Amino acid sequence: MRKQGQEQLTKEKEYIKELEIDYHVLDNKAFYEKYKERFLNELFTDEKEYQNFQAKEKEGILGFLLVNLLVTDGCILQMDFKDEPEEDLAWRYI
């Protein structure tokens, strides 16, 4: 079990490093094309929407992308925070 955990951690580190390097080296179009099937198409409908989001957010988008990559690949779980308890209750009963 320990060996599996170490292998999983190594895999996660590789994912993070690859995405970070690509984010800084590739232009927006190449980055979107490389990662669209892996996870970006779940976040953005097309390359233009990705570019608009990146231009608007500028700070923090790399972290956002890293979290979503790791969630999609099953390395981590992500929970949504609700400001109001009613939001969570409404979601449960839909």
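**Salt bridges, core and helix packing in a predicted model**

Glu 47 forms a salt bridge with Lys 29, and their closest N and O atoms are 3.9 Å apart. Glu 47 lies in helix α3 (residues 47-57) and Lys 29 in helix α2, so the pair ties together parts 18 residues apart in sequence. A salt bridge here is a side-chain nitrogen of Lys or Arg within 4 Å of a carboxyl oxygen of Asp or Glu. Helices (H or I, at least four residues) are DSSP runs, numbered from the N terminus. Glu 47 is buried, with a relative accessible area of 19%. Buried means under 20% relative accessible area, exposed over 50%, and partly exposed in between (1.4 Å probe, protein chains only).

The model is predicted: local features need pLDDT of at least 70, side-chain atom pairs count only at pLDDT 80 or more, and totals for chains, interfaces and linings use all residues. Residues are numbered from 1 along each chain as its sequence is written, and side-chain values use heavy atoms, with hydrogens and water left out.

A search of the whole structure finds five salt bridges. One of them pairs Asp 22 with Lys 34, the closest N and O atoms being 2.5 Å apart. This pair links distant parts of the chain: Asp 22 sits in helix α1 (residues 2-25) and Lys 34 in helix α2 (residues 28-43), twelve residues apart. Asp 22 is buried, at a relative accessible area of 10%. Lys 34 is partly exposed, at 42%.

Lys 36 and Glu 33 also meet through their side chains in a salt bridge (3.2 Å, N to O). Both residues belong to helix α2; being three residues apart there, they are separated by about one helical turn. Lys 36 is partly exposed, with a relative accessible area of 25%. Glu 33 is partly exposed as well, with a value of 39%. Elsewhere, salt bridges that share partners join Glu 18, Asp 22, Lys 34 and Arg 38 into one network.

The largest nonpolar core has 17 residues. Such a core is a set of buried Ala, Val, Leu, Ile, Met, Phe, Trp, Tyr and Cys residues joined through side-chain atoms within 4.5 Å. The residues with the most contacts inside this core are Leu 19, Tyr 23, Phe 31, Phe 39, Leu 40, Tyr 50 and Leu 65. The elements α1, α2 and α4 each give two or more residues to this core. Its largest share, six residues, comes from α4. Leu 65 touches Leu 19, Tyr 23, Phe 31, Phe 39, Leu 40, Phe 44 and Tyr 50, leaving out residues up to four places away in sequence. Contact means heavy atoms within 4.5 Å.

Helices α3 and α4 pack at an angle of about 130 degrees, with their axes 10 Å apart. Axes are lines fitted to C-alpha atoms, for helices over the stretch in contact, and angles run from 0 to 180 degrees between N-to-C directions. The two helices are therefore oblique to each other. Angles under 35 degrees count as roughly parallel, over 145 as roughly antiparallel, 65 to 115 as roughly perpendicular and the rest as oblique. Tyr 50, Phe 53 and Gln 54 of α3 make the contact with Ile 61, Phe 64 and Leu 65 of α4.

Ile 76 is found in the loop between α4 (61-72) and α5 (85-92). Ile 76 is partly exposed, with a relative accessible area of 32%. Beyond its neighbours within four places in sequence, Ile 76 is in contact with Val 67, Leu 70 and Val 71.
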